[in-house]
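Welcome, and thanks for taking a look at this one with me. Let's walk through the ligand site together, and then turn to some backbone angles.

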Amino acid sequence: MNFELTKEQEMTRKMVRDFAEDVIQPRAIDIDVNADFPDDIFKEMGKLGLLGIPFPEEYGGAGGDTVTYALAVEEIGRICGSTGLSYAAAVSLGASPIYYFGTEEQKQEFLVPLAKGEGLASFGLTEPNAGSDAGGTQTRAVLDGDEYVINGEKSWITNAGYARSITVTAVSGKRDDGKNIISAFIVPADTPGLTINSNYDKMGVRGSNTSEIILEDVRVPKENILGDPKKGFGQFLYTLDGGRISIAALAVGVAQASLDRALAYAKERKQFGQPISNFQAIQFKLADMAMEVELARNITMKAAWLKDQGKPFTKESAYAKLFASETAFRSANQAIQIHGGYGYMREYEVERYLRDAKLLEIGEGTSEIQRLVIARQLGC
Ligand SMILES: Cc1cc2nc3c(=O)[nH]c(=O)nc-3n(C[C@H](O)[C@H](O)[C@H](O)COP(=O)(O)OP(=O)(O)OC[C@H]3O[C@@H](n4cnc5c(N)ncnc54)[C@H](O)[C@@H]3O)c2cc1C
């Protein structure tokens, strides 16, 4: 693995960093406090080509790779976890499955506008009674003539309130062994029978849109089935493997922000006549944070690089998601501790990092599920 970034990767990182610092940073506190989805910022990101980084130019993308995309997610996550989560979900969950598994017609109709940043898409897997056990999907799709009729409910779907299309999973039949066949369907957001409610009051990533979806006799043409109808389950496992790299990158961003804030504050804050950074107790916290951020970034980049090389990356993306999300939570917690009482106040932002980091240990597979994935890769 070559640890040196290419010129293009460095340029994209710098461009995204500048954008995040100039455009997102001044809004980050308001986005969180008001749970305000930054629709206008996403339009700007679309114009800059950020929503199409890992997709080929022929589909409206920038022709970049997963490493470049992960760098972009980290830079946005360093400034605003809400924007970072919606960005990661739009690309990894909304657009990527259509790129991986879609027919040429589906790519032209649904992927091209997403990659060009003309809209967002969502991925609806989780249900009220099917979370970690996604195989327990209860949503049903029944073929009726040339259309599938879909009925069911999806919970906590990122960006659905602003999506132009939502890919939902549903049981479409039974295998010979009696197990359910789960397929994925692309549902345009304006399809009759689809109700999207964005009423959740969240602890963190408050400016990321999270919605409940109710599907009542939603009809889509049978051409809207995504990829091989019998391989829907395997397709979303692959999609989640890729998505975990972006959640890891987002976590690295939050962890880096926690370290940056804590270090700057420790050098500035004086107690007992000297900066608190002179105290070994504070230095050791900062040393641990710096080491963990570096390790989290390295494994995230390795997982991204493996994906770009077309090599297996399931284990490494689970390592990255697990280690980086837990690092983000620990780093944010230590950043609050280093800030003392000020850290408990919103204007210092580190309390937001902690609330945002917590989601990263839950979404796209909890820490427990990452450990299960790793154990399976070990042959357990
Ligand atoms: C803000 C937000 C955004 C989200 N965005 C999306 C999205 O865009 N699309 C989407 O489809 N979903 C989304 N989700 C859902 C998310 O992926 C699920 O919350 C997550 O997979 C966990 O499922 P659950 O909440 O039902 O928890 P459960 O599966 O009920 O788990 C509860 C607890 O039990 C543990 N547990 C469960 N099974 C096992 C096991 N076999 N072994 C050990 N421990 C286990 C879990 O780790 C957890 O600690 C989002 C969630 C949130 C909060």
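## Around the ligand

The ligand is surrounded by 17 residues, and the closest of them are T126, S132, T158, T366 and E368. Please keep in mind that this is a predicted model.

What kinds of residues make up this shell? By class, the shell around the ligand has eight nonpolar, six polar and three charged residues.

| Residue | Part of the residue | Distance to a ligand oxygen atom |
|---|---|---|
| L125 | backbone N or O atom | 2.9 Å |
| S132 | polar side-chain atom | 2.6 Å |
| T366 | side-chain N or O atom | 2.6 Å |

On its own, the ligand has 980 Å² of accessible area, and the protein covers 64% of that. As for its location, the ligand sits in the largest pocket.

Which elements give two or more residues to the shell around the ligand? They are β3, spanning 147-158, and α11, spanning 367-377. Of the elements, β3 gives the most, with three residues.

Domain 2 (123-230) and domain 3 (233-378) each supply at least three residues to the shell around the ligand.

## Two backbone angles to look at

D217 has a phi near 50°, which is a positive value in a residue other than glycine. Where does D217 lie? D217 is placed in strand β7, which covers residues 210-221.

F272 is not a glycine either, and its phi is positive, at about 50°. F272 belongs to the loop between β9 (270-271) and β10 (274-275).

Definitions and conventions. Residues numbered from 1 in each chain as written. Predicted model: local features only at pLDDT ≥ 70, side-chain atom pairs only at ≥ 80, totals over all residues. Heavy atoms only, no water. Near = heavy atom within 4 Å. Polar contact = N/O pair within 3.5 Å; in protein donor to acceptor, adjacent residues only side chain to side chain. Areas by Shrake-Rupley, 256 points an atom, 1.4 Å probe, with all protein chains shown as cover. 1 Å grid on protein atoms, 1.4 Å probe; cavity = no way out; pocket = protein on both sides within 12 Å on 5 of 7 lines; lining within 4 Å. Sits in = over half its atoms within 2 Å of the grid points. Helix = DSSP H or I, 4+ residues; strand = E, 2+ residues; numbered from the N terminus. Nonpolar A, V, L, I, M, F, W, Y, C, P; charged D, E, K, R; others polar. Domains from an automatic or database assignment.
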